[in-house]
Amino acid sequence: MSPIRQSLGVAVGQLDPTQFSEYEELASATAGFAAAAVVVYLVGRLLIVPGVTRLVSARNRNNPTLKSATETYAHAFVIVVAAVAGVVGAGYPSVLTDTALVVGVAGQEVIGALISGLFLVADPDFNVGDWISWPGGEGVIEAVDFRVTRVRTVNNETISVPNTELTTNALTRPYGRERYRITERVDVAYDDDTELALRELVETAREDDRVLDEPEPTARILEFAGSSVGLQAEFWVASPMDVNLVDVRSQYRRRVKRRFDGEGLTLGPASGREVSGRLGVDLVGGRGGE
């Protein structure tokens with residue numbers, strides 16, 4: 001036998017048949033992952049994402065930002081499901097258990113924020129453009145993202161609020177859809193004419209063209225404090241999206257101050273304190289410089 005043929009025979013004889021089996025398993029796993037992931041992704045991308053987006057859009061018309069957020073969430077969900085299906089199709093379902101354990105330990109907060117965002121997007125009463133108030137502040141919803149909701153405040157600042165904070169706390173909508181109610185408290189002295197003060201509070205609100213005629217401005221006695229009578233004025237303006245609330249409040253307070261000064265009404269009277277005990281006075285010198 002020639003040296004070349006002998007060397008080829010040795011090389012062929014050294015090949016391990018188990019290597020072919022490993023390659024076949026790898027190829028089979030890759031094909032299984034790709035087939036399952038692609039099928040699930042296409043079904044989700046072509047059917048589920050458009051269906052969910054249309055459903056949310058139908059319940060929240062003229063709301064392109066919310067529609068975009070819904071499509072983003074649905075697309076991300078489809079990708080995750082496709083990846084899981086690919087792992088199962090590759091024949092490695094045990095990997096999901098280990099991955100779930102790691103994710104569960106390291107990403108609880110992130111997952112909680114994502115789930116909270118899904119609940120917010122699906123809530124028909126939580127829409128972009130709504131004015132909301134929560135324990136941490138208030139403002140207009142601008143967008144709902146994966147982890148946070150962007151809110152524009154009355155100071156025209158955009159803040160990012162974690163979705164978990166909005167789903168775990170009570171949300172207040174302090175307006176009647178297209179209106180916003182402003183409340184202002186005023187304290188006057190007991191000696192002042194309370195009825196006059198109430199009328200002045202109402203008339204002051206009516207001077208501003210931004211204050212709505214319906215519902216009408218009102219004023220009422222709120223409480224009897226230790227040294228003053230607490231009054232509260234209420235009036236409504238248009239949507240906070242169209243009205244500068246900071247300016248409305250400031251101008252109202254300035255007019256109230258001028259009116260009360262003109263009518264002799266005392267704003268924020270000093271607290272009266274009852275003093276008991278004995279008072280002694282030491283005289284230095286005598287009368288007339290003696």
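Student: Which helix is Val38 found in?
Tutor: Val38 sits in helix H2, residues 17-59. Keep in mind that this is a predicted model.

Student: Okay. Is Val38 buried, partly exposed or exposed?
Tutor: Val38 counts as partly exposed, because its relative accessibility is 44%.

Student: New topic: the strands. What order do they take in the sheet?
Tutor: The order is E1-E2-E3-E4, in an open sheet of four strands with antiparallel pairing. The edge strands are E1 and E4 (158-162), and each pairs on one side only. From one strand to the next, the twist averages 50 degrees.

Student: How many bridges join E1 to E2?
Tutor: Four. E1 covers residues 131-134 and E2 covers residues 137-144. Trp134 has Gly137 as its bridge partner, and Ser133 stands opposite Glu138.

Student: And how many residues does the hairpin between E1 and E2 go through?
Tutor: Two residues.

Student: What about E2 and E3, how many residues lie between them?
Tutor: Three, and that pair forms a hairpin too. E2 and E3 (residues 148-152) are antiparallel, paired over four bridges.

Student: Which residue in E3 stands opposite Val144?
Tutor: Thr149.

Student: Last one: where do side chains point in a regular strand?
Tutor: In a regular strand, they alternate between the two faces of the sheet.

Methods: Residues numbered from 1 in each chain as written. Predicted model: local features only at pLDDT ≥ 70, side-chain atom pairs only at ≥ 80, totals over all residues. Heavy atoms only, no water. Pairing = 2+ DSSP bridges. Buried < 20%, exposed > 50% of the residue type's maximum accessible area, 1.4 Å probe, protein only. Axes fitted to C-alpha atoms, helices over the stretch in contact; angles between N-to-C directions.
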